[in-house]
Amino acid sequence: MSDLKEELYKQCLDYVKKRMDAAEQGIKEAQQASKDDTKSSAGDKYETGRAMMQQETDRNMAQLNEANKLKVALNSISTAGSPAIADAGSVVITNNGSFYLAISAGSITVDGEIYFAVSPASPIGLKLKGQKVGGEFSLNGKVYKVERII
């Protein structure tokens, strides 16, 4: 079963890496566009273009920062063991879906099964954290029953 957790962890790490790569690429492109934008006789147009490139750089820097936070959160998660109580790094199987308490990375498919990677700080993560097998909680009008914790 730890293979499942390792695969989920790996896919979350890939998700973070893709986000970081995309943000870094965006920063490079905005900086390059800013350098390539030559000063023309229309000075205002040049300044507007530079301001837009700076905004793009700032936006990508913020995305890179968020991706770094996700990576830090992932680094604190263990893939070993099978806890009795759901916590960060746990896979929680409920009657309404399977969840990996790690980072918010959307749905992940492993061996044909779909798992939702959720942050322990998300609304569903807060409900899952601390649950035991047999525990129940409701969220958005749905009742979830914990069937298994890996």
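Analyst: Let's begin with a term: a helix here is a DSSP run of H or I with at least four residues, and helices are numbered from the N terminus. Keep in mind that this model is predicted.

User: Thanks! In which helix is Thr57 found?

Analyst: Thr57 belongs to helix α2, which covers residues 43-75.

User: Is Thr57 buried or exposed?

Analyst: The cut-off for buried is under 20% relative accessible area. Thr57 has a relative accessibility of 9%, so this residue counts as buried. Setting aside residues up to four places away in sequence, Thr57 touches Ile27, Ala30 and Gln31.

User: How should I read a nonpolar core?

Analyst: The general idea is that in soluble globular proteins, nonpolar side chains tend to be buried together. In this structure, the largest nonpolar core has 24 residues, and Leu8, Cys12, Leu74, Val91 and Tyr100 touch the most other members.

User: Which elements each supply at least two residues of this core?

Analyst: They are α1 (2-36), α2, β1 (91-94), β3 (106-110) and β4 (113-118). Helix α1 gives the largest share, with 8 residues. Another core, of 12 residues, lies apart from this one, and its members include Ala86, Val92, Leu139 and Val146.

User: Which residues is Val91 in contact with, leaving aside its neighbours within four places in sequence?

Analyst: Val91 is in contact with Leu4, Lys5, Leu8, Phe99, Tyr100, Tyr115, Arg148, Ile149 and Ile150. One of these, Tyr100, is also the bridge partner of Val91 in β2.

User: That brings us to strands. How do I read their pairing?

Analyst: Strands of a sheet pair through backbone hydrogen bonds, either parallel or antiparallel. Here β1 and β2 run antiparallel and are joined by 4 bridges, while a hairpin of 2 residues links β1 to β2. Within this pair, Val92 stands opposite Phe99.

User: In which sense do β2 and β4 pair, parallel or antiparallel?

Analyst: β2 and β4 pair in the parallel sense, over 4 bridges. Phe99 has Phe116 as its bridge partner in β4. Strand β2 (residues 97-101) is also mostly covered, with 4 of its 5 residues buried.

User: What is the order of the strands in the whole sheet?

Analyst: The open sheet has 6 strands in the order β3-β4-β2-β1-β6-β5, and its pairing is mixed. At the edges are β3 and β5 (136-139), each pairing on one side only. From one strand to the next, the twist averages 40°.

Definitions and conventions
Residues are numbered from 1 along each chain as its sequence is written. This is a predicted model: local features need pLDDT of at least 70, side-chain atom pairs count only at pLDDT 80 or more; totals for chains, interfaces and linings use all residues. Side-chain values use heavy atoms; hydrogens and water are left out. Buried means under 20% relative accessible area, exposed over 50%, partly exposed in between (1.4 Å probe, protein chains only). Contact means heavy atoms within 4.5 Å. A nonpolar core is a set of buried Ala, Val, Leu, Ile, Met, Phe, Trp, Tyr and Cys residues joined through side-chain atoms within 4.5 Å. Two strands pair if DSSP finds at least two bridges between them. Axes are lines fitted to C-alpha atoms, for helices over the stretch in contact, and angles run from 0 to 180 degrees between N-to-C directions.
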